[in-house]
Amino acid sequence: MFTISVINVAIYGISFILFFYLVASLSYGKLMRIDWKKLFLYITIFSLFGVIGEIFVNTLYNHFFGEYLWEYYLYPVHNGHISKMFIFVWGSLGVYKYLSEIVLTKFNLYTKGRAGAIMSLEAILLELWYNITFFALFGSYIFYYFPDNLGPLSHFSCLQVLPFYFIFGFVVTKLISHQEEAGFSKTLVAFFWFIILTVVFLI
């Protein structure tokens, strides 16, 4: 087992990003050229809506059902709703989405509607993989889901998050599309990061 530390978690997160890149490049047929502005936009939007969405959804679920849906074990803040290491959770998902859309576009399989619709399935599979691998290496969950409805995979994810990821996929896809049409705004991206860092570290 590896010790949980900021450095080890960073290496873990970066290794996943490199793996996504290699697999996407193999699917694409050659090493993919990265549009760094666009990639940073994906990471920003996913981090923004991931952090705010997690607080909102977990709080809302507790309001209606009397219990929380999950709790972060990895550097938790806000009573475990989110993690200080959010960049390696939501940022990695943003990288994956950016790379997968390039591959899908090459084979004429990408549409905005489809991208939003399959986001729920992609996200739940990725978080299962991400969380289970982390558990195998570090002996702890990144996040622990309280519902027990996925058999042996329970607590690594759960079915209740599917609607959240479904809505998340449509909203994020649409917002990124609008930002691309309007042009990359450094001011807006800086404002998004101000909100993210304020929510995670200051509130």
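Helices H2 and H3 pack with their axes 8 Å apart, at an angle of about 135 degrees. The crossing of the two is right-handed. Keep in mind that this is a predicted model.

Now look at the residues that meet. From H2 come Lys38, Leu39, Tyr42, Ile43, Phe46, Ser47, Gly50, Val51 and Glu54. Their partners in H3 include Phe86, Trp90, Gly94, Tyr98 and Glu101. By class, this contact of H2 with H3 holds 11 nonpolar, four polar and four charged residues.

H3 has another neighbour. The axes of H1 (residues 6-28) and H3 (residues 86-106) come within 10 Å and cross at roughly 5 degrees. Angles under 35 degrees count as roughly parallel, so H1 is roughly parallel to H3. On the H1 side, the contact is made by residues including Val9, Gly13, Ile17, Phe20 and Tyr28. On the H3 side, Phe88, Ser92, Val95, Leu99 and Lys106 are among them. Here the classes are 14 nonpolar, three polar and one charged.

Turn next to the largest pocket. Its volume is about 360 Å³. It is lined by 17 residues. Which lie nearest its centre? They are Phe56, Val57, Leu60, Phe164 and Ile167. Helix H2 (36-65) and helix H5 (162-182) each supply at least two residues of the lining. H2 gives the most, with nine. The lining divides into 15 nonpolar residues, two polar and no charged.

Note on methods. Residues numbered from 1 in each chain as written. Predicted model: local features only at pLDDT ≥ 70, side-chain atom pairs only at ≥ 80, totals over all residues. Heavy atoms only, no water. 1 Å grid on protein atoms, 1.4 Å probe; cavity = no way out; pocket = protein on both sides within 12 Å on 5 of 7 lines; lining within 4 Å. Points joined across faces, edges and corners; volume = space filled by probe spheres on them. Helix = DSSP H or I, 4+ residues; strand = E, 2+ residues; numbered from the N terminus. Nonpolar A, V, L, I, M, F, W, Y, C, P; charged D, E, K, R; others polar. Axes fitted to C-alpha atoms, helices over the stretch in contact; angles between N-to-C directions. Parallel < 35°, antiparallel > 145°, perpendicular 65-115°, else oblique. Contact = heavy atoms within 4.5 Å. Left-handed = near helix turned anticlockwise from the far one by under 90°.
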